[in-house]
Amino acid sequence: MVILKSSYGILSLLVGLLAFKATIVDSFDYGDAIDKTLLFFEAQRSGKLPVGQRVKWRGDSGLGDGYAQGVNLVGGYYDAGDHVKFGQPMAFSMTMLSWAAVDCGAELVSLNQMGHTLDAIKWGTDYFIKAHPQPYVLWGQVGDGVSDHYCWERPEDMTTPRTAYKLDPEHPGSDLAGETAAALAAASLAFKPYDSAYSSLLLVHAKQIFSFADRFRGFYDDSISSAKQFYTSSDELLWAATWLYKATNDEYYLKYVVDNSVSLGGTGWAVKEFSWDNKICWNSSSPYKGAVLLDGAGGAYTSTLQQYQAKADYFSCACLQKNDGYNVPMTPGGLLYLHEWNNMQYPASAAFLLAVYSDYLAKAKGVVKCPEGQLQPLDLLNFAKSQGDYILGKNPKSLSYVVGYGQNYPLHVHHRGASITSVSILKTAVGCVEGFETWYKRPEANPNVIYGALVGGPNANDEFSDDRTDYEQTEPTLSGTAPLVGLFSKLHSLPRNSAGPYTPEPSDPYHKPQGSYPQPATTPNPKPAVPVEFVHVITNSWTVSKETYYRHKVIIKNVSQKPITGLKLYFESLTGSLWGLTPTQDKNTYVLPEWIKVFEPGSECTFVYIQGGGQAKISVQSYH
C-alpha cells in the first residue's frame with residue numbers, strides 16, 4: 001500500500017500541550033489498558049531478553065541477526081504475528097511511544113508506567129544505534145516476509161533465513177532513514193529528563209541519519225525489494241525535520257519544513273489518514289508548529305505554517321463527519337474504517353492525534369471551522385474518547401480488541417509465539433510445517449495470552465471473526481498498538497477518571513515494580529541525594545575501522561547550598577582518555593583540578609572524555 005505522506009501530524013507536534021479540562025464520565029480503566037499495552041512490546045522483543053522480562057512465555061531469539069553480514073543486529077522488535085524486523089513500522093512505533101512519553105509524561109508518571117514506557121522505547125532505539133554503524137549506512141530490515149510466512153514456528157525455534165538488508169548511498173531510502181531519524185529525535189526528548197547522555201547519543205544518530213536521508217533520496221523499498229509487498233512508503237523527511245526542530249530548537253529544521261512544504265507534499269495534499277505511512281495530517285497539526293504560531297514567532301514562516309494547519313482542520317472535519325461528504329468512512333457502530341487489513345490501527349492513531357490537537361486548540365482558544373459546522377476542542381476530545389472506548393469494548397460486539405483487557409477479548413490471535421506452547425514448557429523445537437499442522441489449525445484458544453496486543457479489528461459492519469487464520473482481523477502489529485499508550489494516557493487525564501496508579505491484582509503474573517528509570521520529582525526543590533549533579537552531552541562522534549567513538553562533555557554542578565571540598569569521583573566503564581580532572585592513586589578515581597580549592601554553591605566544572613561504546617558511569621565517592 002502506497003499512501004501520500006502526512007501534514008496533520010507536524011502542527012500537533014510544534015505546541016506544548018495542556019491537560020484539557022472536560023466534563024466527561026468514563027467507565028474504562030485506562031491505566032490498566034496502558035499497562036497491558038506495554039506488555040505487548042515485551043512479547044515482541046527479539047534478542048537476549050532482560051532479567052526483568054515480564055512476559056515469561058517468551059525466550060531469547062534472533063541471537064545471530066546480522067552476523068552473516070558482519071554487523072550486530074541483535075535486538076529490536078518483531079513486527080506482528082511473524083518474525084521479520086521491518087525498520088519502517090518499528091521506527092514509527094518508537095516515535096509514537098516517545099511522543100506519549102514527552103506529551104503525556106505526567107499521566108505516565110502518576111500511573112507508574114514511565115519506566116516501562118522508556119524501557120520499550122530503549123529496546124527499539126538501542127537496535128537503531130546498532131543498525132547505524134556509519135553515518136551513511138542504515139540497516140533497515142532483518143528477515144524476509146515471504147520465506148517467514150511459509151513457516152509457523154516460535155521465534156525461539158526460527159529456521160527461516162535471517163538475511164539483513166541495508167541502505168547506503170548506492171541503495172538509498174530517505175523514507176526509512178527519515179522515519180528512523182524521527183524516532184531517535186523523539187526518543188532523545190523522552191530520555192532527556194532521565195538520561196541526558198543517552199538523549200545526546202540518540203540526537204547524534206538522528207542528525208546523521210537525517211543528513212543521509214536528505215542527501216541520498218530514494219524509496220527504501222526500491223533498495224530493499226523484499227519489503228515492497230509488506231511496507232511500501234513515501235517520504236518521511238518533513239516528519240523527521242519537525243521532530244529534530246523540537247529536539248534541537250535549531251531553526252534550520254523549521255526552515256526545512258517550510259521550504260520543502262510543497263515539494264515533499266506537506267501542504268499540497270489533504271488526507272483522511274494518519275499512520276506509519278501517512279503523516280501529512282500530523283505535519284499539519286504538530287503542536288510545535290502551533291507553538292511558533294501562538295507565540296507570534298512565525299515571522300516569514302507564518303503563511304506556510306497556516307497552510308499546514310488547514311490540513312489539520314481538514315483531517316479533523318473528515319473524522320468527525322463534518323467535511324461536506326468528504327469524510328472518513330465509519331462502521332455503523334461508530335468506528336473509523338479505512339482498510340480491510342488491520343483497520344484498527346487507523347482509528348487508534350487518529351484518536352491519539354485528535355486528542356493532541358484538541359489540547360493545542362484549547363490552549364490557543366481556537367476552533368475548527370468545517371464545511372458543516374464548527375468544532376470545539378471538546379468535540380475532538382469526545383470523538384477521540386469514542387474511538388478509544390470502542391477499542392476497549394464499547395462496541396456492538398461488547399468485545400475488547402486489546403487482548404487481555406476486560407473479560408471478553410480475542411482468544412485466537414494470529415501470532416506465532418502466542419499460539420504455540422511456550423519453550424519453557426514444550427522444550428522440543430516446533431518445526432515449520434508442524435507448526436501449521438498442529439498449532440495454526442487447532443480450534444482451541446492460544447496457550448499464551450499476548451496481553452496488550454491490538455488486533456486488526458472488525459469489518460466495515462462491526463463484525464469480527466475470532467479466527468487465527470483470519471490475519472486481517474486477528475493479527476496485531478507494533479504500529480497499530482503503539483498509539484494506544486498516548487491515547488489512553490490522554491483519556492486517563494480526563495476528570496472523573498483519576499483513580500490513581502494502576503495496581504495489578506495479586507494474581508497478575510506480569511506485574512513488577514516501576515521500570516528502571518526514575519520519576520520526576522513531585523515536590524519543589526527536593527534535596528539532592530548528593531551535593532552535585534552531572535549533565536552529560538555528546539559533542540562529536542567519528543568512526544575508525546567500523547568502531548564509533550564519542551566525545552563526552554560532562555558538567556559537574558554544585559546543587560547544594562554549601563561549599564564543597566575534597567570531592568572524589570569514581571568512574572565505571574571508562575575505557576578512553578579523560579581531560580579536565582586530576583587522577584588519584586586509587587584506580588578509576590578522580591578529583592577536581594588543583595585550582596578549584598573550594599567548589600562553591602552553584603558553580604560548575606567541566607571535563608571531557610573520549611571512548612567508543614556506551615558512556616561511563618560516574619558516582620560520588622566522598623566529599624566534605
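W239 and W243 are 4 residues apart in helix α10 (residues 237-248), so about one helical turn separates them. Helices (H or I, at least four residues) and strands (E, at least two) are DSSP runs, numbered from the N terminus. The model is predicted: local features need pLDDT of at least 70, side-chain atom pairs count only at pLDDT 80 or more, and totals for chains, interfaces and linings use all residues. Residues are numbered from 1 along each chain as its sequence is written, and side-chain values use heavy atoms, with hydrogens and water left out.

The chain holds 21 helices and 13 strands. Of its 624 residues, 59% count as buried. Buried means under 20% relative accessible area, exposed over 50%, and partly exposed in between (1.4 Å probe, protein chains only). Among contacts in the chain with a separation of 6 or more, 76% come from residues 24 or more positions apart. A contact means heavy atoms within 4.5 Å. The accessible surface of the chain comes to about 23900 Å², and 52% of this area belongs to carbon and sulfur atoms. Accessible areas come from the Shrake-Rupley method with a 1.4 Å probe; for residues, only the protein chains shown count as cover.

A search of the whole structure finds 25 aromatic pairs. Rings of Phe, Tyr and Trp (its six-membered ring) pair if their centres lie within 6.5 Å; planes under 30 degrees apart count as stacked, over 60 as edge-to-face and the rest as tilted. The rings of W152 and F436 have centres 6.0 Å apart and planes at 45 degrees, so this pair is tilted. W152 lies in the loop between α6 (145-148) and β3 (164-167), and F436 in helix α18 (residues 432-440), so the pair ties together parts 284 residues apart in sequence. W152 is buried, at 1% relative accessibility. F436 is partly exposed, with a relative accessible area of 21%. The rings of W239 and W243 have centres 6.4 Å apart and planes at 85 degrees, so that pair is edge-to-face. Both W239 and W243 are buried.

The charged end of R45 sits over the ring of W123, 4.7 Å from its centre. K122 lies over the face of Y198, at 4.7 Å from the ring centre. A charge sits over a ring if NZ of Lys or CZ of Arg is within 6 Å of the ring centre and within 35 degrees of the ring normal.

An open sheet of 4 strands has the order β6-β7-β12-β9, with antiparallel pairing. Two strands pair if DSSP finds at least two bridges between them. The edge strands, β6 (532-544) and β9 (577-579), each pair on one side only. From one strand to the next, the twist averages 15 degrees. Strand β7 (residues 547-558) pairs with strand β12 (residues 604-612) in the antiparallel sense over 9 bridges. R551 stands opposite I610 in β12. Helix α8 (residues 196-215) packs on the sheet and touches β6 and β7; its direction makes about 30 degrees with that of β6. Axes are lines fitted to C-alpha atoms, for helices over the stretch in contact, and angles run from 0 to 180 degrees between N-to-C directions.

Most residues other than glycine have a negative phi. S398 is not a glycine, yet has a positive phi of about 50 degrees. S398 lies in the loop between α16 (377-392) and α17 (416-419). N588, also not a glycine, has a positive phi of about 60 degrees.
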